[in-house]
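Work through these exercises with the structure open beside you. Try each task before you read its solution.

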Amino acid sequence: MLSEKINKIRNEAILQIQSAANEDEINAIRVKFLGRKSEFTSILKGLKDLSPDERKSVGQLANSAKREIEEALAQKGQEIKQKSFDFAAEKIDITIPAVKMKRGHLHPLTQIQNELEDIFISLGFEIADGPEVETDFYSFDALNMPPDHPARDKWDTFWIKSDGEQKDKILLRPHTSPVQIRHMENHEPPLRIISPGKCFRNEATDAKHEHTFYQFEALMVGEDVSVANFKFIAEQFFSRFFKKKITVRLRPSFFPFTEPSFEFDISCTVCGGKGCQTCKGGGWLEVGGAGMVNQNVFVSSGYPRGKYQGFAWGFGLERLLMMRNKITDIRFFHSGDIRFIKQF
Ligand code: DAH
């Protein structure tokens, strides 16, 4: 019987398809059961010799058997394809470290500024800011240096041409002390501020002098602020900054805006005061100027004479960093030399 033959071929084909292991075997099975020379094809070819009734029933059976075999072939083919997918070649190792992005960082002067702001904030100070382009009044007159005062020579700076409307002369500030006045004009004691910022001076540059540099002003005012407070705050600050016990020494000096005035030194950060190469045997390192705020400065800021007292100091930020990091030339800071910057 033809129909039995067809069923047998279909069953046999499906069995073989199920156990096929690869694409080659699938193709061989397709040729064997559905190919031009297959038994199935010769059955289909013989259909024309059958009676019309037989042709119809056998024809239908043959078509559905062919479809079943084709579907089984396609399905198995798909399965084999998926199984043989080359996962190893497609693998991405997500644990391999990525190519590092080149990233810059803050300039050493910005780093040190942030560092000292943190220390002073923890000591109850506020950060005050002032303009780098200043007036003659805030830079000199208000700081007890009237026009023609000889002390002005010490702060020779760059003057800016006035447009004629400006009644006060303008200049690049030679120190951060003007911020004292600007802050006191708007605040009542007790007050504690620091003011780090850029300053300018008209001078020949060398390893210790630059025309553009950073200063760091401190001001503490109240009714009974004394030199003892200055010494304590200064020792606290330097000890935290250098991460070792530092003591402060005062020497008499002169600044128009303080009375009395001091130069202050810190115990040598290398030998602690015993005497070494860094401190040239003396045990002390010069840091900057300080003093008790002159009453004339309070008066210029709008305070009554004699009511308040306070201390102030000012020194170069670069100098502090040079001491701590053993930098030999101040001109490196603004050189823009990436080899210098990269070391911080
Ligand atoms: N402004 C001074 C300078 O540039 C430094 C200074 C000295 C600041 C004494 C002060 C001070 O506040 O009290 O040389």
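## Exercise 1: a pair of rings in the core

Phe238 is buried, because its relative accessibility is 0%. This is a predicted model.

**Task.** Is the ring pair of Phe238 and Phe315 stacked or tilted?

**Solution.**
- Step 1. The ring centres of Phe238 and Phe315 lie 5.8 Å apart. Rings pair if their centres lie within 6.5 Å.
- Step 2. The planes stand at 35°, so the pair is tilted.
- Step 3. Phe238 sits in helix α9 and Phe315 in strand β10, so the pair ties together parts 77 residues apart in sequence.
- Step 4. Phe315 has 2% relative accessibility, so Phe315 counts as buried.
- Step 5. Both Phe238 and Phe315 belong to one aromatic cluster, whose members include Phe120, Phe264 and Trp313.

## Exercise 2: a second pair

**Task.** How many aromatic pairs are counted, and how are the rings of Phe140 and Trp159 arranged?

**Solution.**
- Step 1. The count is 30 aromatic pairs.
- Step 2. In the pair of Phe140 and Trp159, the centres are 6.4 Å apart and the planes at 20°, so the pair is stacked.
- Step 3. Phe140 lies in the loop between α7 and β3, and Trp159 in strand β3, so the pair links parts 19 residues apart in sequence.
- Step 4. Phe140 is buried, at 2% relative accessibility. Trp159 is partly exposed, at 40%.

## Exercise 3: a charged patch

**Task.** Is Lys48 buried or exposed?

**Solution.**
- Step 1. Lys48 is found in the loop between α3 and α4.
- Step 2. Its relative accessible area is 62%, so Lys48 is exposed. The cut-off for exposed is over 50%.
- Step 3. Lys48 forms a positive surface patch with Arg36, Lys37 and Lys45.

Key
Residues numbered from 1 in each chain as written. Predicted model: local features only at pLDDT ≥ 70, side-chain atom pairs only at ≥ 80, totals over all residues. Heavy atoms only, no water. Patch = residues over 30% accessible without salt bridge, like charges linked within 9 Å, V, L, I, M, F, W, Y side chains within 5 Å. Areas by Shrake-Rupley, 256 points an atom, 1.4 Å probe, with all protein chains shown as cover. Salt bridge = Lys/Arg side-chain N within 4 Å of Asp/Glu carboxyl O. Lys, Arg positive; Asp, Glu negative; His and termini not counted. Charge placed at Lys NZ, Arg CZ, Asp CG, Glu CD. Helix = DSSP H or I, 4+ residues; strand = E, 2+ residues; numbered from the N terminus. Buried < 20%, exposed > 50% of the residue type's maximum accessible area, 1.4 Å probe, protein only. Phe/Tyr/Trp six-rings, centres within 6.5 Å; stacked < 30°, edge-to-face > 60°.
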